[in-house]
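Open the structure in your viewer and keep the selection tool at hand. The tour goes from one selection to the next and says what is there.

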Amino acid sequence: MRHVLLTGSEGNVGVVVAPYLSNAGWNVHAVSHADGDLSDPGVAKSIVERAPKPLSAVVHLVGGSKAGEPLENIDMTVYERMNRTTTFNVMQAAIPVMKSSGGGSFVTIGAKSVVHPTGNRAVYTMAKSAVVALTRAVAEEGRGHGIRANAILPSIIKTPENLEWASEE
């Protein structure tokens with residue numbers, strides 16, 4: 001049985017990805033905010049430890065942003081915690097687990113703005129760039145241990161929240 005840890009399972013993307021993975025034959029261990037704050041390394045480690053083994057994959061969907069604001073109006077810590085910090089903590093906790101079982105896969109969510117920045121998204125773009133860079137570095141570090149890592153760089157994902165935001169623009 002292939003086991004996947006799915007973070008952000010309660011979000012708009014997570015509620016679609018969880019049944020997709022399940023229908024594809026994965027045993028999905030879905031976690032949400034109710035399970036703890038992944039920006040806390042101890043919580044991330046505990047969640048990874050509770051996931052079924054062997055842990056074949058981690059799909060990390062925590063992160064995102066609200067409607068764009070000018071750089072001078074943004075609290076960077078929110079974006080960094082939601083995107084970069086949670087990704088780092090989950091990967092750091094999962095790598096030893098994957099190494100001990102012969103490998104695994106990470107899938108993270110970057111953003112199209114990493115390669116094509118748009119206005120009023122500077123801090124979001126910076127945070128997602130860190131996610132993409134970390135994912136690439138983990139792919140290199142994990143190569144000799146059977147660990148793969150890929151970042152998806154979507155544009156705006158068609159979710160109810162994003163459709164509402166776009167209609168306000």
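A residue counts as buried when its relative accessible area is under 20%, as exposed when that area is over 50%, and as partly exposed in between. The model shown is a predicted one.

**Stop 1: Thr87**

Select Thr87, which is in helix H3. Its relative accessible area is 2%, so Thr87 is buried. Show what surrounds it: leaving aside neighbours within four places in sequence, Thr87 is in contact with His60, Thr108, Val131 and Leu134.

**Stop 2: Thr86**

Step back to Thr86, also placed in helix H3. Thr86 is buried, with a relative accessible area of 3%. A polar atom of the Thr86 side chain lies 2.8 Å from the backbone oxygen of Met82. Not counting residues up to four places away in sequence, Thr86 touches Leu38, Ser39, His60, Val62 and Arg81.

**Stop 3: the salt bridges**

How many salt bridges does a search of the whole structure find? The search finds three.

Begin with Arg81 and Asp37, whose side chains meet in a salt bridge at 3.8 Å, N to O. Arg81 lies in helix H3, while Asp37 is in the loop between strand E2 (26-31) and helix H2 (41-50), so this pair ties together parts that are 44 residues apart in sequence. Arg81 has 36% relative accessibility and counts as partly exposed. Asp37, at 37%, also counts as partly exposed.

Next, select Glu80 and Arg84. They form a salt bridge in which the closest N and O atoms are 2.7 Å apart. Both residues lie in helix H3, four residues apart, which is about one turn of the helix. An α-helix has 3.6 residues a turn, so residues three or four places apart point the same way. Is Glu80 buried or exposed? Its relative accessibility is 9%, so Glu80 counts as buried. Arg84, at 38%, counts as partly exposed.

Then go to Glu140 and Arg143, where the side chains meet in a salt bridge at 2.7 Å, N to O. Arg143 has 58% relative accessibility, so it counts as exposed.

**Stop 4: the aromatic pair**

Show the side chains of Tyr79 and Tyr124. A search of the whole structure finds one aromatic pair. The ring centres of Tyr79 and Tyr124 are 6.5 Å apart and the planes are at 70°, so the pair is edge-to-face; planes over 60 degrees apart count as edge-to-face. The pair links distant parts of the chain, with Tyr79 in helix H3 (residues 76-100) and Tyr124 in helix H4 (residues 122-142), 45 residues apart. Both Tyr79 and Tyr124 are buried.

The charged end of Arg121 sits over the ring of Tyr124, 4.5 Å from the ring centre.

**Stop 5: helix H4**

Which residues of H4 are buried? They are Val123, Tyr124, Thr125, Ala127, Lys128, Val131, Val132, Thr135, Val138, Ala139 and Gly142. What covers the buried residues of H4 includes H3, strand E4 (104-109) and strand E5 (147-152).

**Stop 6: Ser105**

Move to strand E4 and select Ser105, which lies there. Ser105 is buried, with a relative accessible area of 17%. Its side chain makes a polar contact with the side chain of Arg148, at 2.5 Å. Not counting residues up to four places away in sequence, Ser105 touches Ser56, Ala57, Val58, Met98 and Arg148.

**Stop 7: Gly25**

Finish at Gly25, found in the loop between helix H1 (14-23) and E2. Gly25 has a relative accessible area of 39% and is partly exposed. Leaving aside neighbours within four places in sequence, Gly25 is in contact with Met1 and Arg2. The C-alpha atoms of Gly25 and Met1 are separated by 8.0 Å, with the two residues 24 apart along the chain.

Key
Residues are numbered from 1 along each chain as its sequence is written. This is a predicted model: local features need pLDDT of at least 70, side-chain atom pairs count only at pLDDT 80 or more; totals for chains, interfaces and linings use all residues. Side-chain values use heavy atoms; hydrogens and water are left out. Rings of Phe, Tyr and Trp (its six-membered ring) pair if their centres lie within 6.5 Å; planes under 30 degrees apart count as stacked, over 60 as edge-to-face and the rest as tilted. Helices (H or I, at least four residues) and strands (E, at least two) are DSSP runs, numbered from the N terminus. Buried means under 20% relative accessible area, exposed over 50%, partly exposed in between (1.4 Å probe, protein chains only). A charge sits over a ring if NZ of Lys or CZ of Arg is within 6 Å of the ring centre and within 35 degrees of the ring normal. Contact means heavy atoms within 4.5 Å. A salt bridge is a side-chain nitrogen of Lys or Arg within 4 Å of a carboxyl oxygen of Asp or Glu. A polar contact is a pair of N or O atoms within 3.5 Å; within protein, one must be able to donate a hydrogen and the other to accept it, and residues adjacent in sequence count only if both atoms are side-chain atoms.
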